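Thanks for asking me to look this one over.

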Amino acid sequence: MKFIEIDLDGHVARARLNEEAAPKTTSAIWEALPFEGRAVHAQVSGEMFRMLEATPVGDLPVENAAFFQYPGMLVYYPPIKEIAFCVGKALFAAPQGIFGLTPLAEIEGDVSAWGKVGDDLQYTGTKPIRFRKAADQTTPFRYPALSGRKIEVDFDGTVVTATLLEQANAAAAAAFARALPLQGRASNSTWAGGMTQLTADSLSGLDAAALGGGTTFHWPGYIYVDPRDRSLRLCYGDAQENVQGVPVPLVPVARMDGDISGFRQKAKSQLLEGAKPMTIRLASGKAQAPVAAASRANQ
């Protein structure tokens with residue numbers, strides 16, 4: 001496990017290199033440290049910025065191609081040796097379309113303040129950006145601290161906790177909580193990619209007006225309600241709910257805590273093993289988000 005520090009005009013963040021998904025790329029980046037350049041807004045990719053100068057590494061392939069990004073994710077595009085940073089609603093793109101990228105690293109903790117500095121580059125112009133090996137290589141990866149009521153997701157014996165998004169999306173989270181407990185069979189979402197779908201009878205009475213508007217940006221670890229039929233989507237990887245390429249707005253109601261690799265492994269097994277039972281209920285105690293080293297980005 002290797003950590004790097006990214007100094008964006010004096011604002012420093014620590015990130016974990018995604019060695020499991022991109023061993024060649026992360027090794028090349030590690031050996032090239034330290035290096036620096038200029039950070040500039042991504043122009044056509046939403047809330048994203050990039051290093052203007054080419055990364056000082058040799059030619060590399062795209063590893064474990066990812067097509068969708070989430071806040072805190074660093075990606076690498078080998079054809080132009082570009083490192084880019086997702087800090088919000090973003091999709092690495094160019095006029096030709098979207099691309100498969102190497103999932104390079106993930107910034108730990110709450111990325112909102114650091115990310116705002118990057119997103120503001122569209123107003124401030126370029127700022128210096130520096131990459132170096134982190135002084136702290138021992139503290140485990142720190143996930144964002146979420147406040148709110150906890151729920152438990154039991155996915156065929158694999159149990160994860162999640163936090164209701166009572167601060168960010170209060171009305172929808174409250175409406176979802178009133179529908180608990182849920183029980184049904186979870187299966188692959190047929191259009192989305194790394195997304196599990198749960199249909200449960202008790203969701204049919206969920207107040208659609210309370211859900212409000214949805215988002216077409218779907219991020220690993222988030223639990224969404226599909227307002228079309230009030231089914232659930234649990235995102236665990238590179239995914240976007242869509243119908244024949246047209247993105248579908250989903251309403252976020254909760255976020256899984258910490259390391260979701262166990263959930264991801266169970267979800268991936270459905271391809272060969274079929275649908276599996278899932279139960280979602282309010283947690284009996286005050287479960288805390290576990291601190292774990294594995295990244296929710298690993299595919």
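Predicted model: local features only at pLDDT ≥ 70, side-chain atom pairs only at ≥ 80, totals over all residues.

1. Let's begin with the largest pocket, which holds about 840 Å³ of space. Its lining is made up of 38 residues, and Leu 146, Leu 165, Trp 219, Tyr 222 and Arg 255 are the ones nearest the centre. By type, the lining divides into 19 nonpolar, 11 polar and 8 charged residues.

2. Which strand gives the most to the lining of the largest pocket? That is β6, with 3 residues. At least two lining residues come from each of β6 (82-90), β9 (102-107), β12 (158-164), β15 (222-226) and β19 (251-256).

3. Now to the largest nonpolar core, which has 35 residues. Phe 176, Ile 223, Leu 232, Phe 263 and Ile 280 have the most contacts inside this core. Helix α4 (residues 170-179) is its biggest contributor, giving 6 residues. A second, separate core has 29 residues, including Phe 49, Val 111, Val 117 and Phe 131.

4. Phe 176 is worth a click. Leaving aside residues up to four places away in sequence, Phe 176 touches Ile 151, Leu 164, Leu 182, Leu 203, Leu 206, Val 225, Leu 232, Val 253 and Ile 280.

5. Not counting residues up to four places away in sequence, Glu 5 touches Val 12 and Ala 13, along with Arg 130, Phe 131, Arg 132, Lys 133, Ala 134 and Ala 135.

6. The whole structure contains 12 aromatic pairs. One of them is the stacked pair of Phe 35 and Phe 131, at 4.8 Å centre to centre with 25 degrees between the planes. Phe 35 sits in strand β3 (residues 35-41) and Phe 131 in strand β10 (residues 127-133), so this pair ties together parts 96 residues apart in sequence. Both Phe 35 and Phe 131 are buried.

7. Phe 49 and Trp 114 make a tilted pair, with 5.7 Å between centres and 50 degrees between the planes. Here strand β4 (residues 46-51) supplies Phe 49 and helix α2 (residues 112-119) supplies Trp 114, the two being 65 residues apart. Phe 49 is buried at 0% relative accessibility, and Trp 114 is buried at 8%.

Key. Residues numbered from 1 in each chain as written. Heavy atoms only, no water. 1 Å grid on protein atoms, 1.4 Å probe; cavity = no way out; pocket = protein on both sides within 12 Å on 5 of 7 lines; lining within 4 Å. Points joined across faces, edges and corners; volume = space filled by probe spheres on them. Helix = DSSP H or I, 4+ residues; strand = E, 2+ residues; numbered from the N terminus. Nonpolar A, V, L, I, M, F, W, Y, C, P; charged D, E, K, R; others polar. Core = buried A, V, L, I, M, F, W, Y, C linked by side-chain atoms within 4.5 Å. Buried < 20%, exposed > 50% of the residue type's maximum accessible area, 1.4 Å probe, protein only. Contact = heavy atoms within 4.5 Å. Phe/Tyr/Trp six-rings, centres within 6.5 Å; stacked < 30°, edge-to-face > 60°.
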